[in-house]
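Hi,

Here is the structure I promised to pass on. Have a look at it first, and then read my notes below.

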Amino acid sequence: MNVLEISRLAFVIAFYLYCLSFIFYVVAVTGKTWRNRDPVRHERKWGAVSFVTSSLGLLAHFIYCGTRWAYSGHIPVSNMYEFMTFLSMMVMLAFTVIFLIYRKILIGMFALPVAIIIMAYAAVFPKDVQPLIPSLQSIWLYIHVTLAATGEAFFAIGFAAGLMYLLRTVEFDKQDKSSLRQKRWLEFTLYSIIIVLGFVISVYGFRAANYEAVFVQNTTVIDSQVQEDSTIERIVYNLPPIVAPDDSKPEYIDSFMGLKFPWFEAPSWMKGDQAGRQLNTVIWAVVTGTLLYFLLRLLLRKPLSRLIAPTLKSLDPDDLDEISYRSIAIGFPIFTLGALVFAMIWAQQAWGRFWGWDPKEVWALITWLFYSAYLHLRLSRGFQGRQSSWLAVIGFIVVMFTLIGVNLIIAGLHSYAGVD
């Protein structure tokens, strides 16, 4: 077994240990109500088991990172698979730090799914080790990406605690319009998380079925002597092509449920030969996530937020509010250094400019401004409780759009390869 195989095995072990730890956290939180004579002892016992299991998963995750680093010769953050895997590792590290400070078992029940979903999302991308392109061969790769991911990991813990606070405090009163509005937004937040799950499920499902559709696209290249040279490019889909590439013709399309594809072409304003494929991925994520959400609603016969809320009744809302704020307060200066300050220094060295309005740069700035406003409102205007928690939740949604949505929808210097 070579180093790369050890790395891949460590990744799988970490993933399953996180899943097992999540189950243990659920047992620790909900099992104490199952006619247990000593609920405090039950929570401590299963909480310890859960934390040890998640720590072993984090150790396996570190082994993955170290062995892949040793094999490739550079820190594994150079493509979408490596970065999202590294981010999930930082989420678990941030969770471990916050857990050791506050000793709240229930945080694991919400933080672990965030790391698990990010790992599952990472796994749909190509896992091949690739050499660094010249612009990435810099010490700033280590500093910029690792610090940005660490800051975002603490934002993820702030999101988990903020979401727990909202689920704990929102009253499901049909007569209260404010309560109904809060409930709808909570449900939409959970629905958004399920859409990410839908993305993973759709990619894995069609990949397992070996689905394939191929389009050919004529591209015209104009050389320095103003001579046109037409080339044919093949674009391969592994999801049924609801959206075809702009100005293309189908070469081969597998059948799916007797439906005829494609349904329409990507808009001409979406530049890039992969634009149609990326838009197709987003549509399938929404479709699969929506079907999964309504299936869960049908089976459970109640909103997901109402199902989760009773498990949080034993928690002090003020503790959750404090955890959310402290996590973001820790992550903000780290994110500032990594995603903005050191990123601009590296951009100057790599591209000869500090700022270039690249989509990922713009959304990193939007993220920073949002969390700046959060801390300003928290410290100077007294935003606490629900107001603060909603900002923590929305902030992490902005982070995930920066990491996922911008990559899939908007082409730029920071874009990684698509998955389907």
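The largest pocket has a volume of about 1,400 Å³. A pocket here is an open set of points on a 1 Å grid over the protein atoms alone, where a 1.4 Å probe fits, with protein on both sides within 12 Å along at least five of seven lines; lining residues have an atom within 4 Å of a point. That volume is the space filled by probe spheres set on the points, which are joined across faces, edges and corners. There are 45 lining residues, and L190, S192, I193, I194 and V196 are the closest to the centre.

Keep in mind that this is a predicted model: local features need pLDDT of at least 70, side-chain atom pairs count only at pLDDT 80 or more, and totals for chains, interfaces and linings use all residues. Residues are numbered from 1 along each chain as its sequence is written, and side-chain values use heavy atoms, with hydrogens and water left out.

Back to the pocket: α6 gives the largest share of its lining, eleven residues (helices are DSSP runs of H or I, at least four residues, numbered from the N terminus). By type, the lining has 39 nonpolar residues, six polar and no charged (Ala, Val, Leu, Ile, Met, Phe, Trp, Tyr, Cys and Pro count as nonpolar, Asp, Glu, Lys and Arg as charged, the others, Gly among them, as polar).

Then there's W69, in helix α2.

Cheers

How values were computed: Helix = DSSP H or I, 4+ residues; strand = E, 2+ residues; numbered from the N terminus.
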